Amino acid sequence: MPSTIYHNPRCSTSRKTLDLLRDNGIEPTIVEYLKTPPSRAEIAKLIVDAGIDVRAGVRKRESLYTELNLAEASDDELLDAMAANPILIERPFVVTPKGTRLARPIESVNEIL
């Protein structure tokens, strides 16, 4: 099954999600989004396809979130910030033929396996 994970190898949740995929016989395409960032349009599509709002797709624990004063930002401003600073993209997103999920919690990926 062709699948993709937007992955950060330094993130334990991302590593565990990759293990979950592999444990289910899926060897996904791995996009290290910090090295190869998705476009603003791709980020927006991942968020819509995952059925979450834009704010749920942002890593609020990153210091840059506070530095950029994003707490009151609009969806467009958040998307712009994530496109310019991919460290702000929550991780990992997983895409399979059955759908897209943000693996927070990891178990949500089971819905699309």
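How closely do the axes of helix α2 and helix α4 come, and at what angle do they cross? In this predicted model, the axes come within 9 Å and cross at roughly 120°. Helix α2 spans residues 40-50, and helix α4 spans residues 75-84. Angles over 145 degrees count as roughly antiparallel and 65 to 115 as roughly perpendicular, and α2 and α4 are therefore oblique to each other. Their crossing is right-handed.

**The contact**

Which residues of α2 meet α4? They are Arg-40, Ile-43, Ala-44 and Ile-47. On the α4 side, the partners are Asp-76, Leu-79, Asp-80, Met-82 and Ala-83. By type, the residues of this contact divide into 6 nonpolar and 3 charged, with no polar ones.

Helix α2 has a buried side and an exposed one, as the table shows.

| State in α2 | Residues | Relative accessible area |
|---|---|---|
| Buried | Ile-43, Leu-46, Ile-47, Ala-50 | under 20% |
| Exposed | Ala-41, Lys-45, Val-48 | over 50% |

What do the buried residues of α2 pack against? Helix α4 is one of their partners. The others are strands: β1 (4-7), β3 (93-96) and β4 (99-102). Ile-43 and Ile-47 are buried in α2, and both also belong to the contact with α4.

**Past the end**

Definitions and conventions. Residues are numbered from 1 along each chain as its sequence is written. This is a predicted model: local features need pLDDT of at least 70, side-chain atom pairs count only at pLDDT 80 or more; totals for chains, interfaces and linings use all residues. Side-chain values use heavy atoms; hydrogens and water are left out. Axes are lines fitted to C-alpha atoms, for helices over the stretch in contact, and angles run from 0 to 180 degrees between N-to-C directions. Helices (H or I, at least four residues) and strands (E, at least two) are DSSP runs, numbered from the N terminus. Angles under 35 degrees count as roughly parallel, over 145 as roughly antiparallel, 65 to 115 as roughly perpendicular and the rest as oblique. A crossing is left-handed if the near helix is turned anticlockwise from the far one by less than a right angle, and right-handed if clockwise. Contact means heavy atoms within 4.5 Å. Ala, Val, Leu, Ile, Met, Phe, Trp, Tyr, Cys and Pro count as nonpolar, Asp, Glu, Lys and Arg as charged, and the others, Gly among them, as polar. Buried means under 20% relative accessible area, exposed over 50%, partly exposed in between (1.4 Å probe, protein chains only).
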